[in-house]
Amino acid sequence: MSESDELISDVLAAKTHYEVLGVSETVTYAEIRSAYRRRVLKCHPDKCPTNKRASEAFAKIHKAFGVLGNAPRRAKYDAQTTHDDYNTAIRNEEDRKAHV
């Protein structure tokens, strides 16, 4: 299994946006952006054409950065999310987008 394949598997198994980006909950915006860039390049579907799940991992990484890379959205996510409540947080985020 290649490094990219392992990363894709890890991303898809992640339960929080922080796990998706491979960072702790205390990171700065610069660290979030750096982690996002590293991961999105390694999981880009054009770089992993043989891995059918690369596009799914790519989308999940992008979504995590969309939340954690935006201070107000990150604060709201942190306030309403626990590690066991990831799916609820995702649904809340999608509902919020649908009503905006």
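Q: What does Leu-21 touch, not counting residues up to four places away in sequence?
A: Leu-21 touches Ile-32, Ala-35, Tyr-36, Arg-39, Ile-61, Ala-64, Phe-65 and Leu-68, with residues up to four places away in sequence left out. Touching, or contact, means heavy atoms within 4.5 Å. The model is predicted: local features need pLDDT of at least 70 and side-chain atom pairs count only at pLDDT 80 or more, while totals for chains, interfaces and linings use all residues. Residues are numbered from 1 along each chain as its sequence is written, and side-chain values use heavy atoms, leaving out hydrogens and water.

Q: Which residues of the largest nonpolar core touch the most other members?
A: Leu-21 is one of them, together with Ile-8, Ile-61 and Leu-68, in a core of 24 residues. Such a core is a set of buried Ala, Val, Leu, Ile, Met, Phe, Trp, Tyr and Cys residues joined through side-chain atoms within 4.5 Å. At least two of its residues come from each of α1, α2, α3 and α4. With seven residues, α4 supplies the largest share.

Q: Why is Ile-8 called buried?
A: Buried means under 20% relative accessible area, exposed over 50%, and partly exposed in between (1.4 Å probe, protein chains only). The relative accessible area of Ile-8 is 2%, so Ile-8 is buried. Ile-8 lies in helix α1 and touches Cys-43, Cys-48, Asn-51, Arg-53, Ala-54 and Ala-57, apart from residues up to four places away in sequence.

Q: What makes Asn-51 count as buried?
A: The relative accessibility of Asn-51 is 16%, and therefore Asn-51 counts as buried. Asn-51 is in the loop between α3 and α4. Asp-5 and Ile-8 are touched by Asn-51, not counting residues up to four places away in sequence.

Q: How do you know on which side of α1 the buried residues lie?
A: The residues concerned are Leu-7, Ile-8, Val-11 and Leu-12, in helix α1 (residues 3-13). They cover an arc of only 130° around the axis, so they sit on the same side of α1. The arc is taken over the directions from the helix axis to the C-beta atoms. Exposed Glu-3 and Ala-13 are on the face of α1 turned away from the buried side. The cover over the buried residues of α1 includes α2 (17-21), α3 (29-42) and α4 (54-68).

Q: At what angle do the axes of α4 and helix α5 cross?
A: The axes of α4 and helix α5 (residues 71-80) cross at roughly 100° and come within 6 Å. The two helices are therefore roughly perpendicular to each other. On α4 the contact uses Gly-66, Val-67 and Leu-68, and on α5 it uses Arg-73, Arg-74 and Tyr-77.

Q: How many helices and strands are there in the protein?
A: There are six helices and zero strands. Helices (H or I) are DSSP runs of at least four residues and strands (E) of at least two, numbered from the N terminus.

Conventions
Axes are lines fitted to C-alpha atoms, for helices over the stretch in contact, and angles run from 0 to 180 degrees between N-to-C directions. Angles under 35 degrees count as roughly parallel, over 145 as roughly antiparallel, 65 to 115 as roughly perpendicular and the rest as oblique.
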